[in-house]
Amino acid sequence: DILIGGQPISASPFPRIEDSESALIQLTELCQKLSSNFALVRTAIVSNWFMDQPDIATANENLRKLVPAISEIPPNSLDLAFAVNVRKIVSGHEINRVCRWSSMVKQSAYINPAGFSSRLEQPSLFLNLDINSVPTDVVKPFDNVHLVYNALLKEQLALVKGGYAELCKHD
C-alpha cells in the first residue's frame, strides 16, 4: 500500500485504527446499505490485522504459539506464513473462511520532493481474513443480503478473537 500525505499524527509511524472492531462493524453496515438494491452472487469481508512485535524472532515464536499447526520454525526465518480455508455453513449459507497468519516486517518510507527521507521498519504478526460466501449460480434475494453480511461479520469477529482454535471448531 502507498500512503500519500504528511507525517503521521499518532506516535506510531504506521497508520492504525484504534477501535478496529467498531470500524469493521461500521464498514459492514455501509456495505449492507450500498448493496441492498442489488442481487448478489458473492459477498466478502476482507480485513488485515497487525500486532507489533519487538523483533522478528519474537514474531516467529508468537506465530508458532498462535498457530499450533506450525511445529518448527528454522532460525532466521523471514516472512513466515500459514494459510488455510475451512468452509462452514452459517445461517444456511456456505462460506469460505480463508485465514492467513504470518510474521513480517512492515516498512514505511517517507519521501519528500528532495528525495528519500526516511524508512521505518516494524516486525509484526499479521492476520488476513477473507470471509466470503461460496459463489453459486443462485442470486441472493434483496431481503437476505443483510443476513449474509451479518454471518460474514460474525465469523470475522469470532476468528479475530478465537484465532486458529476458532477456525478448527466443529459446529
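**Helix H3 and the rest of the chain**

Modeller: In this predicted model, helix H3 has a kink of about 120°, centred on glycine 162.

Colleague: What does H3 span between its end C-alpha atoms, against a straight helix of 24 residues?

Modeller: H3 covers residues 145-168. At 1.5 Å a residue, a straight helix of 24 residues would span 34 Å. The kink at glycine 162 lies within H3, and the end C-alpha atoms of H3 are set apart by only 27 Å.

Colleague: In what order do the helices and strands run from the N terminus?

Modeller: The protein chain has 3 helices and 5 strands. Read from the N terminus, the order of these elements is α-β-α-β-β-β-β-α.

Colleague: Is leucine 27 buried or exposed?

Modeller: Leucine 27 belongs to helix H1, residues 20-35. The cut-off for exposed is over 50% relative accessible area. Leucine 27 has 51% relative accessibility, so this residue counts as exposed.

Colleague: Which residues make the nonpolar surface patch of about 310 Å²?

Modeller: Leucine 27, in H1, is one of the patch residues. In an α-helix, residues three or four places apart point the same way, because there are 3.6 residues a turn. The patch is made by Leu27, Leu30 and Leu34.

Colleague: What share of the accessible surface of the protein chain belongs to carbon and sulfur atoms?

Modeller: Of the 171 residues in the protein chain, 37% are buried. The accessible surface of the chain comes to about 10900 Å². The share that belongs to carbon and sulfur atoms is 57%.

Note on methods: Residues numbered from 1 in each chain as written. Predicted model: local features only at pLDDT ≥ 70, side-chain atom pairs only at ≥ 80, totals over all residues. Heavy atoms only, no water. Patch = residues over 30% accessible without salt bridge, like charges linked within 9 Å, V, L, I, M, F, W, Y side chains within 5 Å. Areas by Shrake-Rupley, 256 points an atom, 1.4 Å probe, with all protein chains shown as cover. Salt bridge = Lys/Arg side-chain N within 4 Å of Asp/Glu carboxyl O. Helix = DSSP H or I, 4+ residues; strand = E, 2+ residues; numbered from the N terminus. Buried < 20%, exposed > 50% of the residue type's maximum accessible area, 1.4 Å probe, protein only. Expected span 1.5 Å × (residues − 1). Bend = angle between axes of the 7 residues up to and from the residue.
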